[in-house]
Every structure is written in C-alpha cells, then in structure tokens.
Amino acid sequence: MTTTENPTCAACGGTVAPDGFCWDCGTAQPGFRAHVETAADCGAAGVSDRGARREINADALALTVDGPWTIGVVCDGVSMAPRAERAARLAAETGAAACAARLRAGVLPETALTDATLHAARAVTALATPHGTAPACTYVAGVTGPGGLWAAWTGDSRAYWLPDEGPGMALTEDDTGAHDALTAWLGADADTPTPGIRSYRPSVPGRLLLCTDGLWRHLPDPATLRAALRRPLPDTGLLDDARTLVGHALTAGGQDNITALLIPIRPETSGR
C-alpha cells in the first residue's frame, strides 16, 4: 500500500495533525492534504484533491486490503460544520479498520459495513466539544471479495458499479431532502445512523467507484463515469483512472473538494 500526502511540518519538520496544523510549533501547513493519492497491490487506488476554490481539503479516503477483502471508505466533511476535515479523516480511517476487523471475525459483509459505520459515527461524535462544536461528515464504504461487492452509506457520497460491459448503476441513494439538504450524516448533532446497504454479484469485470459530490456533480450517472475510464479493466492498477476522474472535475471548475476511489472487480473476486 502506498499513500502520498503532506506528512511533516514545512516550518520545523514536526508532525502534522489531522487538521493541518503542526503538533510541535502550531504552524498551519500550506497546501496540507491538497492532493492525496493511495494505491494497493490489488490494483485499487484513490485520489483526493482540494479543488480550485477551497482553502482546505475536507474530503478523506481510506483503502485497506485484508485477506480476500478489499475495503474502501470515502468521507466528505460537512461544509457548515467546524473541523469537518478532521471528522472526515477520522471516519474514513476508523470505518476501514473496523470493517476489516469485523470481516476477519467472520461476520457477513453487510454486518461488517453496518458495524463499521456505527463505529465511525461514534468516533466523529467524540470530537464534539462541551461548547457545542460538532464536526460532521458524510460516509460511503465499499467491500469487494468472495461473492461480490457491497456498499454502505450515510449522506450524499456515492458508490457506483461500473462494468466493462453492459450498463452501470448507482448503488447508493442520497440522504437529502428539500434543496438537496442533507438528512443524514455522522456527527454529534446527527441521529444514530442507519446506513443504507446494497449488495451486488457481478458477472463481468469492472470497477466499484466510491466518490464525493465534488466528482458526481460533474459526472452524475454511470454512463458518463464509464466514458471517462479505460476499458477493458487494466492490469496495471486504477490510479490513472482515479486521476482521470478527479482531473475531469478540476477541468470543469473544481468548485468543491474531489475524491474518487476505485476498486477492481474481476470474475474470480466476484465469486464467478
């Protein structure tokens, strides 16, 4: 597993905290997590970019491979909430680790995803302060392994199935109401989440995509997403495809943070 981001303080060389400030000298880091890339040996890869108009990157992603399972999580910090970037990063890392642990324990993927979402929600809730500060984020997670693929979500970050052949599909449904306002998220000011769960058993190779609204507002449906990707599924991994998707959103204006995480699905990993 390889990850590229900004790990040390530009002023003193100290450790950078999740909110982009140095633990040692307190200096705000220029361009902290402005562009993050991660890739796994199985070919899964993700890219997160601050975009052209945001001062910080409040998106986060986590990617974990554990035995036959590949687990990805993507989170989007709620823009009106304080320290949203911390909520997103904590939720992504906590959710991926919890899901891997539950799968190792032998539970069904649907149960592992539900338990991991609740675990991530508790972690984000714990960030709240006595003064009412409540960091918050959306959450989408995906698992691939024996038997197919699974997705869980709370909020409006999305998962898509993008096959090499045939039509793709959205696996998630946005938790939004009037004027696209969020009706569900993770945080101390939210209800205990009841994540949506979706499973699918592919019969052809393809990709599971997890993304934030910084991407899907420019590429909102499976057809436009598939058109931007290489086909057939490459053997060299999906980092270039993730970069292509993020680059498309940047070219379109990059008004928001942008994150795309792709996990390859081949007949042997889908159980066929």
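Strands β6 and β7 form a hairpin with two residues between them. Gly147, in the turn, has a positive phi of about 100°. The model is predicted. β7 covers residues 148–154, and its pairing with β6 is antiparallel, over seven bridges. Within this pairing, Gly145 has Gly148 of β7 as its bridge partner.

Strand β6 spans residues 136–145 and also pairs with β5 (residues 69–77). This pairing is antiparallel too and comprises eight bridges. Val74 stands opposite Val140 of β6. A further antiparallel partner of β6 is β10 (residues 186–187), joined by two bridges. Here Ala136 faces Gly187 of β10 as its opposite residue.

β6 is mostly covered, with ten of its ten residues buried. Both of its faces are covered. On one side, Ala136, Thr138, Val140, Gly142 and Thr144 are buried. On the other, Cys137, Tyr139, Ala141, Val143 and Gly145 are buried.

Val74, the residue opposite Val140, is also among the contacts of Thr212. Thr212 lies in the loop between β12 (206–211) and α3 (213–216). Its relative accessible area is 0%, under the 20% cut-off, so Thr212 is buried. The side chains of Thr212 and Asp59 are joined by a polar contact of 2.9 Å. Beyond its neighbours within four places in sequence, Thr212 is in contact with Asp59, Val74, Cys75, Asp76, Ser157, Asn257, Ile258 and Thr259.

Note on methods: Residues are numbered from 1 along each chain as its sequence is written. This is a predicted model: local features need pLDDT of at least 70, side-chain atom pairs count only at pLDDT 80 or more; totals for chains, interfaces and linings use all residues. Side-chain values use heavy atoms; hydrogens and water are left out. Helices (H or I, at least four residues) and strands (E, at least two) are DSSP runs, numbered from the N terminus. Buried means under 20% relative accessible area, exposed over 50%, partly exposed in between (1.4 Å probe, protein chains only). A polar contact is a pair of N or O atoms within 3.5 Å; within protein, one must be able to donate a hydrogen and the other to accept it, and residues adjacent in sequence count only if both atoms are side-chain atoms. Contact means heavy atoms within 4.5 Å. Two strands pair if DSSP finds at least two bridges between them.
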